[in-house]
Structure formats: C-alpha cells, structure tokens
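Colleague: I'm new to this one. Can you put it up and walk me through it?

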Amino acid sequence: MKNKYRDLIEQTFDFPQPEFELKKDQLLFRGLDLMQLIEEYGTPLRFTYLPSIGEQIEECRGWFNNAIKKHDFNGDYCYCYCTKSSHFNFVMEECAKHNAHIETSSAFDIDIVIALFKKGLFNEKTYVLCNGFKTEEYILKIKELIALGFDRIIPIIDNFREFELLDEHIDHPLEIGIRIASEEDPKFEFYTSRLGIGYTDVVPFYKWKIRDHKKFKLSMLHFFVNTGIRDNSYYWNELRKFINVYTDLIKNGADIRYLDIGGGFPVKNSLAFEFDYEYMVDEIVAQIKIGAESVNADHPDIFTEFGSFTVAESGGMIFSIIDQKKQNDRERWNMIDGSFMTSLPDSWAINKRFIMLPINRWNDKYERVFLGGLTCDSDDYYNSEQHVNAIYLPEFRKNKPLYVGFFNCGAYQESISGYGGIKHCLIPSAKHILINKNEDGTFNHWVFREEQKSVDMLKILGY
Ligand SMILES: Cc1ncc(COP(=O)(O)O)c(C=O)c1O
C-alpha cells in the first residue's frame, strides 16, 4: 500500500520540480540541503535565497523583450522593483545588480534610494516612480532626490491635493504621472479603489491643471488592480479601460510616453501552480500596441512594478514540530516553534497560502493535521493548502524530529509583521540567514540577524 508522504506528493503533483527534489527522504531546495541548514542554524529559521531575485528579473525582461520583438513594438520595457514588498538592503542590492529601477511608496523609501545612490548602486539615470499618497514630507524627499541630480524621477499623482503640494514645493521641470483608480473586483466591498484618480476625472484634470502647466509634463499613466495580473475578464476589462484613458489623453494633446501597468504578477503558491506569464505579457504588449496605433501615437515604453514576483520566491521559513496535541478523535494539532501570525502574517490576515512541505521523513506514513502557532490566539493556525482543504504531514513521533518549511514567502511578511519589533505574545522574530550560490554551484550562507532576544523586546517596551 502506498501510504508514505512521498507517495502522496508523487501521486498528487509532478514531482520533483525545478526547485524541489529529494535526497533520500529529505528535501533539497534549489539543490540546497535544508537539513544541513537546520543542523547548523536551528529553527525557527527564516532564509533568503538571493540568486532567485536576479533570476526573476531577468526572466521577466526576457518575456517582455520577446513580445516587443514579436509585435514589432517600438517602445522599451522597464523593470521597476516595488520596494514595499521587501525593503531589505540585500534585496535592493540584488535589484540594483540586475539594473532594476525603483518604485517608492513613502518618504522613508526615498532615503533608501539615497543610501543606495551614495553607495554607487543607483545613479541619476535610475527611474524612481513615486507612488502612494504624497505627504509633505514625501514631497520634500522627492525634492532632495531632484537636488541630487536624479532626472528620471516621476511622481505619480494619486489625488488632486498632492498636485498642488508638488507645485508648491518643486521649482524644477518635472515629468509626472497619474494613477488611475481602478474599479475593484466585483467581489470587493467597495466599487472604486481609494488609490488614484477616477477614470472619468483624468482627462478633465489634465486639461484643467496640467496641459498648460509651466513646470510639469504628464508623461506617464499608471494603473494597478489589487487582485493582480490574471487571465480573467476583470483584468482584461480594466486594462482596456486604462488603454482607453491613454488614447483619450493622447487625443487631448498629452504626450504620454510611458504606460505603467503596476505590479501583481502571481507567485507560485502551490506545487500545482500554473500561470502562463509569457502569454500574458504577449497579450498586454499586443493590446497596448493596438491602443497606441489607434491614435497614431508612438508606441509607449512599458513599465512594471513587480514586488511579490521579484522577492517572494527568494524567501522561506522553517519550523520544528515541537509537539502534537490531540484535542478530540479527529483533530491533531502539530505545534510549531514559532507563530503564523507573527512570522507569516498574510496566512492569518488574508488567508494566504504558501508552498508547505516537510523537510525530512518523506518515507514515513502521513497523517492529516492542523498546524498551530505558539501565541495564545486561537487564530494562530494554518489548516489548508492552496490545492486542498487540509494539511498532510509525516506522522508525528515524539522521538523523531519533524521539520516543516514554508516557501516563496519572501514578500511583505517581514514588513507586515514588524520584523524585529514587538510580537504577539512576545514570540521572537526568528534567526534570519542569507544564502548565495558560488560559481562552482556550491552555496554559502551566513547569519543576517540572530533570533530576537528578550532584552531587545523589553527595551522597546520601555523596561
Ligand atoms: C502601486 C503598486 N505597485 C506595485 C505593487 C506590487 O504588487 P505585487 O507585490 O503584487 O507585485 C503594489 C502593491 O500593493 C502597488 O500598490
């Protein structure tokens, strides 16, 4: 009878997969022996596999460049990284190495750009797309960047008031953009996104405030749908409306040279994940070309701001199962040595699912379990996978340690959980290591941050 965990996976998915394979009964991630990492660093352990960041950037560039060639499209493609997905220096450095440009969301983000500029990683020719609601502080930071010589900084207007603020503070000729507020997916609680300017207001706003403006030139149009880039009628409909506003602006004399289609490329969240990135890119480029030609405009440059796509696949978390609690005949709770709420907050807050796999004991029998975190909050659990409404893991054995990994969770989890800050029930932030690959295929890894200590938290709390 086939009842090993390994059988379950091999019967359910195509396995092994490019990032996951087995060595005996243990999991290798991109060829890296995870059990060795556990032996060296212990658990709970957060890791970032740096090479994946550059690989994502280059792969995506390849898709756009192929589509541009295929469609005889005359615009360029510009890959921007949206910093809010992970602000860490090691992420930004990988992005800079791969010539990514930057999208910012707040005043402090600009300080990151300045720090990297001072290190020589970004230069005046780096595009800095300033998105988000602009406070006065944010606008003053934009001014600072202009003073440093950045001449490809494009504030993307989110609301009418911030245009006035920009006008008040910036004395320099500047290209600007407008974010269109998309209509939300019909399942949402509200109709129009609070972010950006409504479809019908864009052209009147351009004619009223920007067309004859002495300093500002409208060059970019931007939209982003919250549910991301998906092959469904909602997405294609929003893209069409976006292109319609673009062509209306052109008809009204605007010289829109850049279309920014935002972030939202999906990330592999299950071994069954399928998404045809190349097809989507091809279709987007084709649609933009049709739009531009319908108004005899030069094909615009296409910008993206992929955050999750850039970093999610670089990140993982490994926990030990430290005990099993049987609360009734059917419910077995495997307790992890950490917390979902505090280390993978999206799993709790928006029910997000990541690839979850045991690291060892793949030849053991499996059982259905729930996974519980260490906080005393009853919501601190993980009970299903993306492809099935349950979790299966090798059977719990008191004397046989079991480790479980969550993969592709390198985006947003640290910033939302308040990395290194105060945590629910004071469960500490895990040790965090970075992994790189040498030219000969071997790996090197080192500690980026030790596990958070009691004294650090108590200090924040004023003790
Ligand atoms: C304006 C904007 N651009 C880009 C992104 C990045 O999205 P993702 O991480 O899905 O690529 C976001 C995410 O909220 C966003 O609001």
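**Domains and ligand**

Modeller: The protein chain splits into domain 1 (5-49 + 315-460) and domain 2 (73-306), with bounds from an automatic or database domain assignment. It's a predicted model, where local features need pLDDT of at least 70, side-chain atom pairs count only at pLDDT 80 or more, and totals for chains, interfaces and linings use all residues. Residues are numbered from 1 along each chain as its sequence is written, and side-chain values use heavy atoms, leaving out hydrogens and water.

Colleague: How far apart are the C-alpha centres of the two domains?

Modeller: They lie 35 Å apart. The contact (heavy atoms within 4.5 Å) takes 23 residues from domain 1 and 13 residues from domain 2.

Colleague: OK, now the ligand. Which residues come nearest?

Modeller: Of the 15 residues around the ligand (a heavy atom within 4 Å), those are Gly264, Glu305, Gly307, Ser308 and Tyr412.

Colleague: Which polar atom of Gly264 is 2.8 Å from a ligand oxygen, backbone or side-chain?

Modeller: For Gly264 it's a backbone atom. Ser308 has a polar side-chain atom 2.7 Å from an oxygen atom of the ligand, and for Tyr412 a polar side-chain atom lies 2.5 Å from a ligand oxygen.

Colleague: How much of the ligand's accessible area does the protein cover?

Modeller: 84% of the 390 Å² that the ligand has on its own, by the Shrake-Rupley method with a 1.4 Å probe.

Definitions and conventions
Polar contact = N/O pair within 3.5 Å; in protein donor to acceptor, adjacent residues only side chain to side chain.
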